[in-house]
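Q: Could you walk me through this model? I'd like to start with the fold and then move on to the metal site.

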Amino acid sequence: MIAKKARLRAVRKIQRIAGYRLPDFAFHGANLEMIAGSLNYEQLDPTLRDQLLRFQKDFLDCRCKGSPLCGCPEQKFVL
Ligand SMILES: [Zn+2]
């Protein structure tokens, strides 16, 4: 899927900034948690920051207790 591949590139960039390896699958729990919270957005270049903020808005905006590991992000992506 093309969208998935595009996001994969973002994941690789994040990996470099984070300094550790992340799963290639953008919707993996570890990635979602990082995008949703632990990532330092100040360190990102503006393009990547925009991408991730859009990603957050599109996929991580639910209010489930277990978010972002509640399954909504993946489900929204499929729809
Ligand atoms: Zn949810």
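**Fold, core and zinc site**

A: The protein has four helices and zero strands, where helices are DSSP runs of H or I with at least four residues and strands are runs of E with at least two, numbered from the N terminus. This is a predicted model, in which local features need pLDDT of at least 70 and side-chain atom pairs count only at pLDDT 80 or more, while totals for chains, interfaces and linings use all residues. Residues are numbered from 1 along each chain as its sequence is written, and side-chain values use heavy atoms, with hydrogens and water left out.

Q: What's the mean pLDDT of the protein, and which elements are lowest and highest?
A: The mean is 81, with 89% of residues reaching 70 or more, on the predictor's per-residue confidence scale from 0 to 100.

Q: Which residues have the most contacts inside the largest nonpolar core?
A: They are I14, F27, I35, L39, L52 and F55, in a core of 18 residues. A nonpolar core here is a set of buried Ala, Val, Leu, Ile, Met, Phe, Trp, Tyr and Cys residues joined through side-chain atoms within 4.5 Å, and buried means under 20% relative accessible area, exposed over 50% and partly exposed in between, using a 1.4 Å probe and protein chains only.

Q: And which helices supply at least two residues of this core?
A: Those are α1 (2–18), α2 (29–38) and α3 (46–59), and α3 gives the most, with four residues.

Q: What is I35 in contact with, leaving aside its neighbours within four places in sequence?
A: I35 is in contact with I14, Y41, L52, F55, Q56 and L60, contact meaning heavy atoms within 4.5 Å.

Q: Where do the buried residues of α2 fall, seen down its axis?
A: The buried residues of α2 are N31, L32, M34 and I35. They fall within an arc of 165°, so they line one face of the helix, the arc being that of the directions from the helix axis to the C-beta atoms. On the other side of α2, G37 and S38 are exposed.

Q: Switching to the metal, what are the protein donors of the zinc ion?
A: The donors are the SG atoms of C62, C64, C70 and C72, lying 2.2 to 2.4 Å from the zinc ion; donors are N, O and S atoms within 2.8 Å of the metal (3.2 Å for Na, K and Ca), and sites may look incomplete because water is not among the atoms. Along the chain, they follow the spacing C-x1-C-x5-C-x1-C.

Q: What's the geometry of the site?
A: The zinc site is tetrahedral, with angles of 96 to 117° among its four donor atoms, where four donors count as tetrahedral if all angles lie between 85 and 135 degrees.

Conventions:
Four donors count as tetrahedral if all angles lie between 85 and 135 degrees; four count as square planar and six as octahedral if opposite donors are over 155 degrees apart and all others between 65 and 115; anything else is irregular.
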